[in-house]
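Please keep the sequence and the model side by side as you read.

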Amino acid sequence: SSWYRLEERKTNQEYASMGAVYSVLTLLVYNICKAVAFVLTEAEDHRQEEPWESSILVKKWMLTVAVQCWAVFYLLFVRPLLLPCAYGDDDVRKQLGVAECAADDAACCSGSVFAQVRNEAVVMHTRQFVAGWLVSKIFVHNFFKWFVPRLFGFMCMRGIYLHFVVDFAQELFSDLTSRSARGRHRARRRRRCCCQRKGHKRHRSWGEWGPTQLTDEEANACELQLDKQDPWDVLDNANDLSVHFLVTSLTTVIYPFAPLLFLANLLIEFQMDLYRLFDRRSPKPRPSPGLPPAWLNIFQSYVYIGALSNLAIVTWRTPLVSNLLGRNDGATHFAFFSSTMLLLVLVLGLVRLVVPKVPR
């Protein structure tokens, strides 16, 4: 009926909104995890940069994967286990005789028909959650990754005063629109007006620091560089993209459009990173022999986790096992999952055996 479709659409919108909010919430959680990983790595007292980078990378990976995978794992497996009767609309629950069942009463709604309704609802909710998560990450997540550092950088440089919002908007507008010499000159005049309005001692003028051999153009360029934020961390950006790849691969079997959204995020994030590369100070170049070995292990673990997740979804949240084997009990599902997993491990071993190793 149209009422049922309206209720179903409302539920889908709620889970999509939950995914979008969770995507923004992971920004705060990731910064906390990053601080924890940095403190733990500093306590290890590494003497060289490469072991330090590998150690902090592994810690960031463990913490972020736990945060990102928990939401999907909860919707797919934990919530149906804790609240098995909390699915389906009122009409379906009345038809199946489970309208009076409590949400956590598993014995009351143990029928096979309601189990199929529950599995379909779980798949639909998770699909909408992942869709909202990925779409929010494309737009809101990338915007906040650029906007929040700009805001806090301006606050640290200028402080908080009466016309703080107006000056920040002028600063942001000038940086977005000024790309010529005249635009840079207008931006510099706005910065002077901002500092004079605040009356802060941090206003820089090259004449105050003594004579210099720099030309006016070089001095303007240096002053613009000093007004910019510190260079963005490439490691954090790569880790964020890798986690996005993980979430994309977790539910590909129930949301085939996830790789397309991941591709769209790559295109937009590339443009955002390109802008941030010129919007911030130039990072210090350092030699690197190539991709660190820790990254290879991390991406390999993502492939394994994605394979386990999709196989578990197919086994316990789709009617494939019951249609293929004619049985719908827990032992049959576990046997199908374990045998299929062993078959995948065997195929992977054969591929590794055939493909020659790349010489270092």
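The sections below cover the disulfides, the other cysteines and the ring pairs of this predicted model.

## Disulfides

The model has 2 disulfides. One joins Cys-85 to Cys-109, with an S to S distance of 1.9 Å. The torsion about this S-S bond is about -90°, so the link is left-handed. Cys-85 sits in the loop between helix H2 (49-82) and helix H3 (90-96). Cys-109 sits in the loop between H3 and helix H4 (112-158). The two cysteines are 24 residues apart, and the bond links distant parts of the chain. Both Cys-85 and Cys-109 are buried.

The other bond pairs Cys-101 with Cys-108, their sulfur atoms 1.7 Å apart. This link is left-handed too, with -60° about the S-S bond. Its ends sit in unlike surroundings. Cys-101 has 9% relative accessibility and counts as buried. Cys-108 has 34% and is partly exposed.

Counting bonded cysteines along the chain, the pattern is 1-4, 2-3.

## Other cysteines

Two further cysteines have burial values. Cys-33 has a relative accessible area of 11%. Cys-69 has 16%. Buried means under 20%, so Cys-33 and Cys-69 are both buried.

## Aromatic pairs

The structure holds 11 aromatic pairs. One of them is Phe-245 with Tyr-302, which is tilted. Their ring centres are 6.4 Å apart, with 50° between the planes. Phe-245 belongs to helix H8 (residues 234-250) and Tyr-302 to helix H10 (residues 293-317). The pair links distant parts of the chain, 57 residues apart. Phe-245 is partly exposed at 29% relative accessibility. Tyr-302 is buried at 0%.

Tyr-255 and Phe-257 form another pair, with ring centres 6.3 Å apart. Why does this pair count as edge-to-face? The planes meet at 65°, and an angle over 60 degrees puts a pair in that class. Tyr-255 is buried, with a relative accessible area of 12%. Phe-257 is exposed, at 54%.

## Ring cluster

Which residues do ring pairs link into a cluster? They are Phe-245, Phe-262, Trp-295, Phe-299 and Tyr-302. The tilted pair of Phe-245 and Tyr-302 thus has both its members in this cluster.

Terms used: Residues are numbered from 1 along each chain as its sequence is written. This is a predicted model: local features need pLDDT of at least 70, side-chain atom pairs count only at pLDDT 80 or more; totals for chains, interfaces and linings use all residues. Side-chain values use heavy atoms; hydrogens and water are left out. Rings of Phe, Tyr and Trp (its six-membered ring) pair if their centres lie within 6.5 Å; planes under 30 degrees apart count as stacked, over 60 as edge-to-face and the rest as tilted. Helices (H or I, at least four residues) and strands (E, at least two) are DSSP runs, numbered from the N terminus. Buried means under 20% relative accessible area, exposed over 50%, partly exposed in between (1.4 Å probe, protein chains only). A disulfide is a pair of cysteine sulfur atoms within 2.5 Å.
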